[in-house]
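Dear colleague,

I am passing on a structure to you, together with some notes on its aromatic rings. Please look through it before you read on.

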Amino acid sequence: MPGIATLQKDHRPAEIRKRTHLAFGDWNEVAKLSIRSGKAEIGPEVKPTHRWMLDGVIAMMSNYIDQIPDMDLAFNINDEPRIAIPYDDLQGLLKASAIGPHTAKDTVLNGFSKDRAASWNFLDSSDPETPNAPFTDQSFLPSFHTYGSISCPRSSRARRSYLWDTRALCITCFAPHSTGIFLSNWTLSASPCHQPDLAHLHGFYLSPAAFKPSHSLYPIFSQSKANGYADIRYPSPWNYMDKAMYAPSPNASDLHYDPPFSEKSDTLFWRGATSEGLSRFGEWQGMARQRL
């Protein structure tokens, strides 16, 4: 996480542990995975319908979990990312990390501190000094200008421009990462900072189905994130657990027969759910899958 390693008061290890703890909760839709003595245990916050995600995480960690020190990890159970840091705040954190106090090489220890489990146990969400849930519910609300582009410089088009005519093609929005009509810079195309039209071209920005974000740093693990978000990304358990396994058969008489590529038809179609956002007032017209 940008800035999370700085030794400022707000981002010391004890503060990181505290923020991890504050993120847990059923309403927050953040699940707890506790690692103690080389074994992982799923916390009570995870919804039964999403427990498979944490089972997948444990399966992915099984070959090396005995090497991980005692700690608690916070996993976002939604598809949508959670942490969007305003540009000025982010730059301040990055600057502090660059010029802040650094540990001398001769004092670095090759190992983990003792009694790490105890450092997680003192936290208590019933403490009156513990703030309320760090997230706000922004489900079904436009998110581009409030979260999607908030990490861009104030001078960027995404922060300065609002495109009201959604029927018009914004040529200047895709020109920086294109050569004519063709995509030429994939990395740049992922940046929202020069593309204010993205506010109307994806369900996540138009009307996200489940979105509880924060403008503050929290060490949240997410299986996906849009450009500009500061979540810690990890491989999707959906794919690891074969939730949608592709299992064709080479036998022509079978229901799921998959013919050789040379024998397939020149046909393109969309197959799958349109779950990137929820349309209530015609937002579906701007969603990527429907447009495809």
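A residue is called buried if its relative accessible area is under 20%, exposed if that area is over 50%, and partly exposed in between, using a 1.4 Å probe and protein chains only. This is a predicted model, in which local features need pLDDT of at least 70 and side-chain atom pairs count only at pLDDT 80 or more, while totals for chains, interfaces and linings use all residues. Residues are numbered from 1 along each chain as its sequence is written, and side-chain values use heavy atoms, with hydrogens and water left out.

Rings of Phe, Tyr and Trp (for Trp, the six-membered ring) pair if their centres lie within 6.5 Å, and planes under 30 degrees apart count as stacked, over 60 as edge-to-face and the rest as tilted. By this rule there are 10 aromatic pairs. One of them is the tilted pair of Phe135 and Tyr218, with 5.9 Å from centre to centre and 50° between the planes. These two residues are 83 residues apart, so the pair links distant parts of the chain. Phe135 is buried, because its relative accessible area is 4%, and Tyr218 is buried as well, at 10%.

The pair of Tyr147 and Phe211 is edge-to-face, because the ring centres are 5.6 Å apart and the planes stand at 85°. Tyr147 is buried at 8% relative accessibility, and Phe211 is buried at 0%. Both belong to one aromatic cluster, together with Phe144, Phe204, Tyr205 and Tyr229.

Best wishes

Terms used
Helices (H or I, at least four residues) and strands (E, at least two) are DSSP runs, numbered from the N terminus.
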